[in-house]
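Welcome! Here is a short briefing to read alongside the sequence and the 3D view. Take it one topic at a time.

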Amino acid sequence: MKWLSRTRTTAIGLDVGARSIKLAQASITGQHVRLLASATIPRPPHDAAAPSFDHATAHLIRQVIRRRAFYGNLLVLGAPMHALRIESLELPPGGAASVAVQKIAGIELARISRMRPNSFEHAMWELPALARGGAATHVMGVALAHQDADALLDPLLDADLDVAAVCPLPNAINAFAARAAGPEGDEVVHTVIDIGWSATRLIIGQGPKLLYFRTLSDVGVRRLHAEISANCSGDAHADVAEHFLQTVGLAPDGHRAAARPIEAALDAILQELKLTHAYVGHRYQQFALGGLFITGGGAAIPGIAEALGERLGQDVPALSHRASPAVSQPHLTAALAAALFCTEAWS
Amino acid sequence: MSMNLLPPRHRLRRDRARAARRWILAGVSETVLLIAAAVALHAFASIDDRSVHARILSLQTQLSDIDARKTDRAAVISRVQSQLQLRDAVNAPPDYSRLLAAVADALADQGMLTSLKSDITPAPTKAAPLLDANGKPVKLDPYAAGVRLQVQLSGLVRSHDAITQVVDRLQHTGLFDEVRLIKSGRDGFLGADAFTFQITCTTTGAPVAPVGGPEGATP
């Protein structure tokens, strides 16, 4: 009865990255996701990890939404990962639904993150029972300071854009991976390697529930870009590095010496991934390790998924392509995941 | 799993904006509904006005038809009444006593009357005959122009002057429009000379008036 399935259009997912701003909107029919519209707005080169987000940028986003055939102007803003505080908390017994536990979680997050109470928004979810957890309530909380949210929201709202929600991108990407893993993924933990411009994130979840999140600050496309540029001769080394990352990368017929920074980054990622998997496997012994996905702008480097697969001995598909074959651009995954995450939560 | 890290300040701002949009939408909807209702009411009233107007026109047409029929009937009634009056006038016998008295005064012992004939005929008309659209003469009531009474007197007198005196006296009675000596001659009567005469007296009555017309139009 496929024809009876209702088609829903998501809000416009907005991922404000360090190098570009990504917009994506999809339609959902049953389990099928179709990309309706997308846009990538490059940002000027800069050195800061968190570039400023001004009114001109917000107006540019508004213009792009109008020009690129997006439906409506309802936005779901993906909270930038660098601004999020994600912590695992051990709280008194009572369950995550308990109001007292939730209040304690907020206080604990403020204490750990060194933020004033009521100066941030937070959300929490209960983690699966630990092998030796006792009666305590184990939750994971995510917090976003009002100051960081306002820096993005004020220009967007002043540009007459309707921001309906701010969703934590790790949770959105994890939910997107759970969709890609399918129903059998609920019995295992899946891993997403998000290779971004400024950092690489390891996201591990069980179903739509985020279990672990780690940022590898010293591994990112920017560092690869810088190292490859440094190895290049001539004036246009930045352009050469860009071209190399986009078209050559780790392709079998590529330049092995030039690709050495990429392999080094992969080694670093794999080392951290092994440690992380060991930790998660020890913590959640009831779950086996399942699918592994790659996403982010770094996932578009030619040959990187195959190289990871060789090293890990398993297939490492691009998350966006696995979740929706129509989405062939890995850098749009976070924006699309944000749109889907909030739309499915609303419905 | 619902996670929305939108700060309360922005939630409030968004809720206010949504509420304002809802109020504006409700206001616009209400205005549109009121305008639609007014237009519908106006259209309904216009339809009612038009139907009443059409009904009035229909009644006016019916009244005009009735008036026209009434006029036709009145003309018919008038004609019938005229014909009835005419019939009465024709059929009613003239006042022969006055006629005989006048004739006797006119003779004045100078002669004798041998015959008296009266005849009632339609009065002659000098108007040109009316023609219809096809050029044919319109058939009119023969008595429409009036009634003519013609009296023929025949008798004997002793002298020829007596004939002139009789004619003169008849003219002065005022009863006749015209008194004409038709024939005179010499004859004998009882062994003496006598003169015979034949006089025609004509009087014409006015047309028979319709109902309400002048009285005494009959001769």
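Two residues are in contact when heavy atoms of theirs lie within 4.5 Å. With that in mind, in chain A the residues 24 or more positions apart account for 64% of the contacts with a separation of 6 or more. Please remember that this is a predicted model. Chain A has 347 residues, and 55% of them count as buried. Its secondary structure comes to 10 helices and 13 strands.

**Helix α7 and helix α8 of chain A**

- Two packed helices are described by the angle between their axes and the distance between the axes.
- Helix α7(A) covers residues 260–283 and helix α8(A) covers residues 304–312; their axes come within 11 Å and cross at roughly 45°.
- The crossing of α7(A) past α8(A) is right-handed.
- On the α7(A) side, the contact is made by Ile262(A), Glu263(A), Leu266(A), Asp267(A), Leu270(A) and Leu273(A).
- On the α8(A) side, Ile304(A), Ala307(A), Leu308(A), Arg311(A) and Leu312(A) take part.
- Sorted by class, the residues of this contact between α7(A) and α8(A) are eight nonpolar, no polar and three charged.

**A further look at α8 of chain A**

- Which residues of α8(A) are buried? They are Ile304(A), Ala305(A), Ala307(A), Leu308(A) and Gly309(A).
- The cover over the buried residues of α8(A) includes strand β10 (188–195), helix α7 and strand β13 (288–295) of chain A.
- Just after α8(A) comes Gly313(A), which takes a positive phi of about 75°.

**Helix α5 and helix α7 of chain A**

- Helix α7(A) also packs with α5(A): their axes come within 9 Å and cross at roughly 150°.
- Angles over 145 degrees count as roughly antiparallel, so α5(A) is roughly antiparallel to α7(A).
- Here too the crossing, of α5(A) past α7(A), is right-handed.
- Leu224(A), Glu227(A), Ile228(A) and Asn231(A) of α5(A) meet Pro261(A), Ile262(A) and Ala265(A) of α7(A).
- By class, this contact of α5(A) with α7(A) has five nonpolar residues, one polar and one charged.

**Salt bridges**

- One of the salt bridges joins the side chains of Asp15(A) and Lys22(A), at 3.6 Å from N to O.
- Both Asp15(A) and Lys22(A) are buried.
- Another salt bridge is formed by Asp150(A) and Arg9(B), whose closest N and O atoms are 3.2 Å apart.
- Asp150(A) lies in helix α3 (residues 146–158) of chain A and Arg9(B) in helix α1 (residues 8–91) of chain B, so this pair joins two chains.
- Asp150(A) has a relative accessible area of 17%, so it is buried.
- Arg9(B), with a relative accessible area of 45%, is partly exposed.
- Asp150(A), Asp154(A) and Arg9(B) are linked in a network of salt bridges.
- Within helix α5 (residues 221–231) of chain A, Arg223(A) and Glu227(A) lie four residues apart, about one turn of the helix.
- The side chains of Arg223(A) and Glu227(A) meet in a salt bridge of 3.0 Å, N to O.
- Arg223(A) is partly exposed at a relative accessible area of 44%, and Glu227(A) counts as partly exposed at 28% relative accessibility.

- Asp162(A) is placed in strand β9 (residues 162–168) of chain A.
- Is Asp162(A) buried or exposed? Asp162(A) counts as buried, at 16% relative accessibility.
- Leaving aside neighbours within four places in sequence, Asp162(A) is in contact with Asn73(A), Leu74(A), Leu75(A), Arg14(B) and Arg21(B).
- Gly30(A) sits in the loop between β3 (20–29) and β4 (32–42) of chain A.
- The relative accessible area of Gly30(A) is 38%, so this glycine is partly exposed.
- Gly30(A) and Arg6(A) are 24 residues apart in sequence, and 7.0 Å apart in space from C-alpha to C-alpha.

Notes: Residues are numbered from 1 along each chain as its sequence is written. Chains are lettered from A and ligands numbered from 1 in the order in which they are written. This is a predicted model: local features need pLDDT of at least 70, side-chain atom pairs count only at pLDDT 80 or more; totals for chains, interfaces and linings use all residues. Side-chain values use heavy atoms; hydrogens and water are left out. Axes are lines fitted to C-alpha atoms, for helices over the stretch in contact, and angles run from 0 to 180 degrees between N-to-C directions. A crossing is left-handed if the near helix is turned anticlockwise from the far one by less than a right angle, and right-handed if clockwise. Ala, Val, Leu, Ile, Met, Phe, Trp, Tyr, Cys and Pro count as nonpolar, Asp, Glu, Lys and Arg as charged, and the others, Gly among them, as polar. A salt bridge is a side-chain nitrogen of Lys or Arg within 4 Å of a carboxyl oxygen of Asp or Glu. Buried means under 20% relative accessible area, exposed over 50%, partly exposed in between (1.4 Å probe, protein chains only). Angles under 35 degrees count as roughly parallel, over 145 as roughly antiparallel, 65 to 115 as roughly perpendicular and the rest as oblique.
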